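Subject: A structure for you to look at

Hello,

Here is the structure I promised to pass on. Please open it next to this email and follow along.

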Amino acid sequence: MDIKHIQYLVEIERVHSISQAAENLYLGQPNLSRILRDMEESVGFPIFERSSKGVHPTPRGAIFLQHAHNILREMDAVTMLGPHNSVGDLLRVCIPHSEVAFRVVADYIRSLAPDTTFDSVVRECHVKRALDYLSEGQAEIAIVRFRGEYEEYFRKEGTMLGLSMQVLARYKDSMVVHENHPLANRESVTKQETKSYVQIVHSDRYFLPNQQNRGGSIYTVDRQAQLEFLCTLSNTYLWSAPIPADLLEHYHLRQIPCTDQPNTYCDALVYHPMHRANALETGLLQKIRTEYPKYFEG
């Protein structure tokens, strides 16, 4: 069984399309279809089923692809031992757009001995992309964020990919404003009271204004830009998960609970249980489990 052909099948799974996978792999679609057909004949069962919504793994195909991901992961580990690659520790982690997640990971890296040599990749991404990175062997640890009602869905997604999930915190967004904001000294607010102010939205997609937010919106995915807007435009606000107290103090911000915030969110730790964690990864897992929930207490 050719390792390249296994990579081709994983790409089909990722994009749910033979034609798109062929384009990504710089192959002709008939050639990729033939390779898939030969692989299915070799294993004795269909790996994918076709529908109007694309191609998706069959039940047996999903199990086959889990093994395929493990094979590719092990091949990456073998490649790391080759003469053209240095042998050393590797720390690859995914985090959501979260000051707490960034703080915990940064604090851990800063705590390592000065002479510690390692390669580190920290990606900030959405939960679906984080699960893909884990299943594809491009990351070993992820902190993910999703709405509470989707917890069961993402647990099932993780299980299908052979991943383990541990909820770290459940919370509701609160209003973040500069200390000069008209509502800065309030003990709590309602969503109705926020509508006349300008909301900073973590997004690169523009939505037409509606009656939900008469004050208007500013769209940006840049963390520093969001903080600068809060500091320089006193009528702006941001819905946010808990922010570390020293960061609030540094930017002269206030975080105010909302009494009628309807949505509950979950932050969860996700990892591959079959992966043999190195010392760096073991230390980070321990750091996340013990320190992360503390930011959400009280």
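Start with Y26, which sits in the loop between α2 and α3. Keep in mind throughout that this is a predicted model. The phi of Y26 is near 60°, a positive value in a residue other than glycine. Most residues other than glycine have a negative phi. Is Y26 buried or exposed? Y26 is exposed, with a relative accessible area of 77%.

Now step back to H16, in the loop between α1 and α2 (18–24). H16 is not a glycine, yet its phi is positive too, near 60°. H16 counts as partly exposed, at 35% relative accessibility.

Next, the helices on either side of that stretch.

Helix α1 covers residues 3–15 and helix α3 covers residues 29–43. Their axes come within 10 Å and cross at roughly 105°. Angles of 65 to 115 degrees count as roughly perpendicular, so α1 and α3 are roughly perpendicular to each other. Which residues make the contact? From α1 they are H5, I6, Y8, L9 and I12. From α3 they are L32, I35, L36 and M39. Eight residues of this contact are nonpolar, one is polar and none is charged.

I will take one at a time.

β6 pairs with β12 (residues 264–271) in the antiparallel sense, over eight bridges. To find one of these pairings, look at Q166: its bridge partner in β12 is L269.

Which of its residues are buried? They are V127, A130, L131, Y133, L134 and S135. Just after α6, G137 takes a positive phi of about 80°.

Another open sheet of five strands runs in the order β9-β8-β10-β7-β11. Its pairing is mixed. Here β9 (217–220) and β11 (253–256) stand at the edges. Each of these has a single partner strand, so one side of each lacks a neighbour in the sheet. The twist averages 30° from one strand to the next. β8 (residues 198–202) and β9 pair in the parallel sense over four bridges. H202 has T220 in β9 as its bridge partner. Helix α9 (residues 223–232) packs on this sheet. It touches β7 (174–178), β8, β9, β10 (236–240) and β11. The direction of α9 makes about 140° with that of β10.

Last, the salt bridges. Side chains of opposite charge can pair when their charged atoms come close. How many salt bridges are there? The count comes to 19. Here are some to look up:

- R129 and D132 form a salt bridge, with the closest N and O atoms 3.8 Å apart. These residues are three apart in helix α6, so about one helical turn separates them. R129 is partly exposed, with a relative accessible area of 25%. D132 is partly exposed as well, at 28%.
- D267 and R145 meet in a salt bridge at 2.8 Å, N to O. D267 lies in strand β12 and R145 in strand β5, so the pair ties together parts that are 122 residues apart in sequence. D267 is buried, with a relative accessible area of 0%.
- E149 and R147 meet in a salt bridge at 2.8 Å, N to O. E149 counts as partly exposed, at 48% relative accessibility. R147 counts as partly exposed, at 29%.

Best wishes

Terms used
Residues numbered from 1 in each chain as written. Predicted model: local features only at pLDDT ≥ 70, side-chain atom pairs only at ≥ 80, totals over all residues. Heavy atoms only, no water. Pairing = 2+ DSSP bridges. Helix = DSSP H or I, 4+ residues; strand = E, 2+ residues; numbered from the N terminus. Salt bridge = Lys/Arg side-chain N within 4 Å of Asp/Glu carboxyl O. Buried < 20%, exposed > 50% of the residue type's maximum accessible area, 1.4 Å probe, protein only. Axes fitted to C-alpha atoms, helices over the stretch in contact; angles between N-to-C directions. Parallel < 35°, antiparallel > 145°, perpendicular 65-115°, else oblique. Contact = heavy atoms within 4.5 Å. Nonpolar A, V, L, I, M, F, W, Y, C, P; charged D, E, K, R; others polar.
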